[in-house]
Amino acid sequence: MAVTPQTNTSLASIAEALREHDDFVVCGHVSPDGDCIGSQLALAVALRSIGKRAACLLAKDEAPDARLAFLPGFDELVFAGSFDGAARTFVAVDVPTRERIGEHAAALRDACGLSVVVDHHAVDSTMADLTYVDPAAASTTMLVWELAGLLGADRSGDVALCCYTGLVTDTGRFQYQNTDAAAMRAASEMVEAGADPAAVSRAIFQNRSLPSVRLESIAVERMRFGAGGACALSWISHDDFEAVGASKADAEPIIDALRSVAGVRVACMLREQGDAVRGSLRAKDGTDVAAVARSFGGGGHVAAAGFTLECPLPEAVAVVERALEEALES
């Protein structure tokens with residue numbers, strides 16, 4: 001455990017507080033990944049198992065990654081701006097700041113009598129009454145798994161499946177540097193409680209759309225190397241998405257192809273998003289890509305981070321190339 005200075009309580013205390021409240025809304029960050037969605041759905045199931053009412057919110061009015069549709073409760077996710085149910089207790093998972101939950105979820109947070117954050121992203125601020133952030137946790141679902149146990153919830157079946165999905169995606173199938181003994185122990189517990197690793201793998205890692213594969217071929221073809229081959233950079237434009245009929249989610253797996261090249265220490269994938277450019281960074285060694293992301297106003301983990309640049313794609317490519325060269329040669 002390596003909680004941040006912003007942490008002001010324990011998971012046990014959060015469990016005690018949650019048992020005393022009801023009408024929960026559980027929210028994650030914009031562009032939710034497997035850890036975010038898994039954390040939300042697992043916590044909602046856990047809360048319902050002890051007699052609470054809970055709804056899961058989407059921070060932005062856009063469809064989440066369809067590869068996660070096998071998770072129980074996925075089809076009940078609702079955009080925060082369209083939610084019209086009871087909301088008295090706000091829980092943010094896998095996200096520590098207001099900026100990343102969107103204005104509609106932030107308004108719900110302000111209207112609730114109790115707000116809670118459970119996360120593993122280290123930041124310099126918090127947005128909740130009760131905050132627990134542990135950057136040493138490989139995934140937020142590991143913390144939700146522990147919290148569900150402290151709640152006295154039934155962790156078998158759906159809770160185990162959702163938590164395992166978040167853990168296996170945030171560790172890159174247990175290949176990333178955040179895969180440690182604690183992660184493996186948690187994974188074992190989740191499997192013993194009913195999570196099916198093969199089924200999760202088929203749904204997420206062996207279920208890519210043809211447009212996603214075609215998009216990857218474009219990115220690999222234009223891949224650039226810097227810092228003596230230690231950095232791999234590529235990008236996808238609006239035109240590329242349109243040419244192959246791909247969605248935003250189709251671009252998510254591409255960075256792993258860049259990262260897999262021998263000799264590459266850091267991979268960066270850029271994609272046009274509206275009038276901006278979204279960047280994703282992954283490191284195979286100890287390079288702190290979160291520091292690179294923070295220089296562009298983003299953030300994340302040492303080995304996995306992201307950022308957004310408000311500029312044309314060619315300019316973003318040039319700026320990021322220079323930043324990566326400096327980071328890897330310093």
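Two strands pair if DSSP finds at least two bridges between them. Strands (E, at least two residues) and helices (H or I, at least four) are DSSP runs, numbered from the N terminus. This is a predicted model, in which local features need pLDDT of at least 70 and side-chain atom pairs count only at pLDDT 80 or more, while totals for chains, interfaces and linings use all residues. Residues are numbered from 1 along each chain as its sequence is written, and side-chain values use heavy atoms, with hydrogens and water left out.

**Stop 1: the sheet**

Select β7 and β8 (residues 231–236). They pair in the antiparallel sense over 3 bridges. Arg224 has Leu233 of β8 as its bridge partner. Phe225 stands opposite Ala232. The two strands form a hairpin with 4 residues between them, and Ala227 in the turn has a positive phi of about 55°.

Trp235 has Leu270 in β9 as its bridge partner.

Show the whole sheet. It is open, has 6 strands and mixed pairing, and its order is β7-β8-β9-β10-β12-β11. β7 (224–226) and β11 (299–300) stand at the edges; each has a single partner strand, so one side of each is left without a neighbour in the sheet.

Go back to β8 and colour by accessibility. Buried means under 20% relative accessible area, exposed over 50%, partly exposed in between (1.4 Å probe, protein chains only). In β8, 6 of the 6 residues are buried, so the strand is largely enclosed by the rest of the structure. Cys231, Leu233 and Trp235 cover one side, and Ala232, Ser234 and Ile236 the other.

Next, helix α12 (residues 313–329). It lies across β7, β8, β9 (266–273), β10 (276–283) and β12 (304–309), and runs at about 160° to β9. Axes are lines fitted to C-alpha atoms, for helices over the stretch in contact, and angles run from 0 to 180 degrees between N-to-C directions.

**Stop 2: the cores**

A nonpolar core is a set of buried Ala, Val, Leu, Ile, Met, Phe, Trp, Tyr and Cys residues joined through side-chain atoms within 4.5 Å. Select Ile14, Leu18, Leu43 and Leu147. Of the 55 residues in the largest core, these touch the most other members. Helix α5 (residues 158–170) gives the largest share of this core, 8 residues. Apart from it lies another core, of 27 residues, including Leu270 and Phe307.

Centre on Leu147. Contact means heavy atoms within 4.5 Å. Leaving aside neighbours within four places in sequence, Leu147 is in contact with Leu11, Ile14, Ala15, Leu18, Leu43 and Val118.

**Stop 3**

Gln40 sits in helix α2 (residues 34–49). It is buried, with a relative accessible area of 1%. Beyond four places in sequence, its contacts include Val26, Cys56 and Val93.

Ala80 is in the loop between β3 (78–79) and β4 (89–93). At 5% relative accessibility, Ala80 counts as buried. Its C-alpha atom is separated by 5.7 Å from that of Leu58, 22 residues apart along the chain.

**Stop 4: a pocket**

A pocket is an open set of points on a 1 Å grid over the protein atoms alone, with protein on both sides within 12 Å along at least five of seven lines; lining residues have an atom within 4 Å of a point. Select Tyr132, Trp145, Arg155 and Glu189, which are among the lining of the second largest pocket. α4 (140–151) and α6 (181–192) each supply at least two residues of that lining.

Note on methods
1 Å grid on protein atoms, 1.4 Å probe; cavity = no way out; pocket = protein on both sides within 12 Å on 5 of 7 lines; lining within 4 Å.
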